[in-house]
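Please open the model in your viewer and keep the sequence panel beside it. The tour below moves from one selection to the next and says what is to be found at each stop.

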Amino acid sequence: MSTKTVGAGIAIAALCVAGAVPANAASNNNSVTKLTKAVTVEGVLDHLEALQEIADENGDRAAGRPGYGASVAYVVDQLEGAGYDPVVQPFAFDYFEENSKLIRVSPNPRTFVNETDFLRNTFDSGSPEGTATGPLVPVGLVVPAAGLPPNSNTSGCEASDFAGFPAGGIALVQRGTCGFNVKVLNAQAAGAAGVVVMNEGQPGRTGLINMIGDATGLHIPAVFATSAAGENLAATPGATVTVTVDYVAETRTAYNVLAETAHGDDSNTVMVGAHLDSVQGGAGINDNGTGSAALLETAIQMQKVKPNNTVRFAWWGAEESGLLGSEHYVANLSTAEAEDIALYLNFDMIGSPNYMFGVYDGDNSGGTAPAGFIPEGSAQIEDVFEKFYADRGIPFQDTEFSGRSDYGPFIAVDIPAGGLFTGAEGVKTAAEAELYGGVAGAAYDPCYHAFCDNLTGAGQNVALYDQLEQDYTLVGNVNEYALDVNSDAVAAATITFAFDTSTVNGVRKPGKSHGAGKSADAMRDRFTQ
């Protein structure tokens with residue numbers, strides 16, 4: 001591992017993973033035909049297996065955590081082994097980790113799901129951490145509340161509501177006529193060790209909301225639960241319940257990885273990128289190991305290419321925290337540096353198990369983007385992807401040009417963009433199932449942002465995945481066919497624009513080509529300060 005990494009935070013150490021560091025690409029893969037032949041799904045899956053191993057060892061690959069540092073180390077080692085001189089760009093970000101819990105210990109043990117069944121409080125005066133276990137004590141509940149006027153329950157609004165409350169109990173109170181802060185402070189004064197505030201239960205008052213207000217003096221854990229979770233707790237007489245408020249909010253360091261071809265016109269740079277981080281608690285193999293792995297294999301197989309235009313590869317950090325890595329990169333470009341970027345290609349989730357082949361709608365033919373939102377030249381990028389599928393007789397469709405992924409910061413400074421997407425939490429239509437196979441009415445990625453986004457199949461809906469495998473070959477949460485096709489699409493578009501961006505920006509002749517080492521030194525000086 002070289003010593004180009006800088007910045008505070010997690011260490012990026014050399015990592016031992018399955019598979020050898022690659023040798024330099026064996027041939028000059030300087031055409032679509034050559035490069036798509038060299039970029040194999042087996043090579044891409046090798047990278048995914050390495051990322052899975054990292055997640056297995058570290059719990060996940062989320063930014064600000066050890067698994068992300070190990071993912072960065074893997075990409076850097078692979079690039080260096082292929083002959084690149086990668087640069088690691090650090091940036092600080094607001095790291096947040098939620099570990100709060102709501103558990104019925106007995107009888108009928110149940111662990112409620114954070115941010116689905118309950119939320120910790122967000123009082124203006126702070127959210128005191130702690131854990132408490134005790135008997136659940138309902139206080140003035142009216143269940144079910146259907147048919148009652150909204151905001152009519154007085155549960156916990158008066159100290160007298162807690163008469164005879166046992167010290168150390170877990171109070172269960174109901175949303176209603178007074179503030180959340182009043183309810184939890186009254187419960188604490190009565191000797192409660194923890195508080196669960198459930199929603200009231202009328203239409204529109206069933207889900208999760210943040211508990212706010214001034215709860216100065218609160219020192220016990222307090223959470224808010226859906227009406228369904230609260231009713232489930234209340235329906236178990238004599239329940240013992242644990243309430244935990246535990247979270248981390250601090251500044252940590254994440255990293256982008258940048259590498260570029262040793263040849264090409266720096267003033268007409270083609271950028272291609274994918275986010276490297278996962279969500280917390282998951283391996284992030286489809287989201288976005290697939291894009292990262294396909295991009296990495298494309299870079300490795302392009303190492304001997306001498307393109308007309310510089311190609312800069314990027315693996316972004318902290319996308320799952322809000323596109324932070326790509327935003328940091330773009331924000332630190334000078335005007336001239338931004339103008340030197342001819343276009344940006346983005347690859348985020350390109351192997352969804354119940355896939356569709358989506359191409360960012362650069363010409364806005366679907367009418368989903370507001371006027372002026374899409375930079376000129378994006379339609380011509382879309383054309384290249386569409387031609388790739390059409391030439392192979394493969395169906396495809398538009399996907400929203402929404403700025404939802406890492407191309408967002410680029411289009412915000414008027415850099416043309418495009419890319420691929422095989423679907424996330426959206427539901428596959430019957431018409432799409434006719435085109436691509438798969439299961440209509442199920443999500444494109446049923447494991448989106450979940451633990452089961454992995455290569456092992458752990459945690460997946462077995463019946464659904466068995467049904468998908470009637471049409472597809474799945475490797476855990478990855479559709480091998482979709483990944484194979486789209487890895488070629490990544491390679492094809494990258495090599496196409498590496499030699500010619502004229503349809504996008506009118507640049508028809510190669511400019512001054514730089515020699516090996518020049519751009520890497522410049523990138524290091526520019527982006528690691």
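Throughout this tour, a residue is called buried when its relative accessible area is under 20%, exposed when that area is over 50%, and partly exposed in between, with a 1.4 Å probe and protein chains only. The model is a predicted one, in which local features need pLDDT of at least 70 and side-chain atom pairs count only at pLDDT 80 or more, while totals for chains, interfaces and linings use all residues. Residues are numbered from 1 along each chain as its sequence is written, and side-chain values use heavy atoms, with hydrogens and water left out.

**Stop one: Ser278**

Select Ser278, which counts as buried because its relative accessibility is 1%. Helices (H or I, at least four residues) and strands (E, at least two) are DSSP runs, numbered from the N terminus, and Ser278 sits in the loop between β11 (265-275) and α6. Two polar contacts can be displayed here, a polar contact being a pair of N or O atoms within 3.5 Å, where within protein one must be able to donate a hydrogen and the other to accept it, and where residues adjacent in sequence count only if both atoms are side-chain atoms. The side chain of Ser278 reaches the backbone nitrogen of Arg61 at 2.9 Å, and a polar atom of that side chain lies 3.0 Å from the backbone oxygen of Gly282. With contact taken as heavy atoms within 4.5 Å, and not counting residues up to four places away in sequence, Ser278 touches residues including Asp60, Ala62, Asp287 and Glu320.

Move on to Asp287 and Asn288, which are joined by a cis peptide bond with omega about 5°; Asn288 lies in helix α6. Asn288 is also among the contacts of Ala274, together with Gly291, Ser292 and Leu295, when neighbours within four places in sequence are left aside. Ala274 belongs to strand β11 and, at 0% relative accessibility, counts as buried.

Colour helix α2 (residues 41-58), whose 18 residues reach 26 Å from the first C-alpha to the last, close to the 26 Å expected at 1.5 Å a residue; the expected span is 1.5 Å times one less than the number of residues. Its buried residues include Val44, His47, Leu48 and Leu51, and the buried residues of α2 pack against α3 (66-81), α6 (285-301), β18 (478-479) and α13 (480-499). Just after the helix, Gly59 takes a positive phi of about 95°.

Now select His47, Leu51, Tyr74, Val75, Leu276, Ser292, Ala293 and Leu296, which line the second largest cavity. On a 1 Å grid over the protein atoms alone, a cavity is a set of points where a 1.4 Å probe fits but cannot get out, a pocket is an open set with protein on both sides within 12 Å along at least five of seven lines, and lining residues have an atom within 4 Å of a point. The largest share of this cavity's lining, three residues, comes from α6.

**Stop four: Thr494 in α13**

Where does Thr494 lie? Thr494 is part of helix α13, and it counts as buried at 0% relative accessibility. A polar atom of its side chain lies 2.7 Å from the backbone oxygen of Val490.

Turn to the largest pocket, which is lined by 28 residues, with Glu98, Glu115, Val279, Gln280 and Gly281 nearest its centre. Strand β1 gives the most to this lining, with five residues, and β1 (87-98), β2 (101-106) and β3 (110-112) each supply at least two.

Between β2 and β3, select the loop that holds Pro107 and Asn108. The peptide bond from Ser106 to Pro107 is cis, with omega near -20°, and Asn108 has a positive phi of about 50° although it is not a glycine. At 55% relative accessibility, Asn108 counts as exposed.
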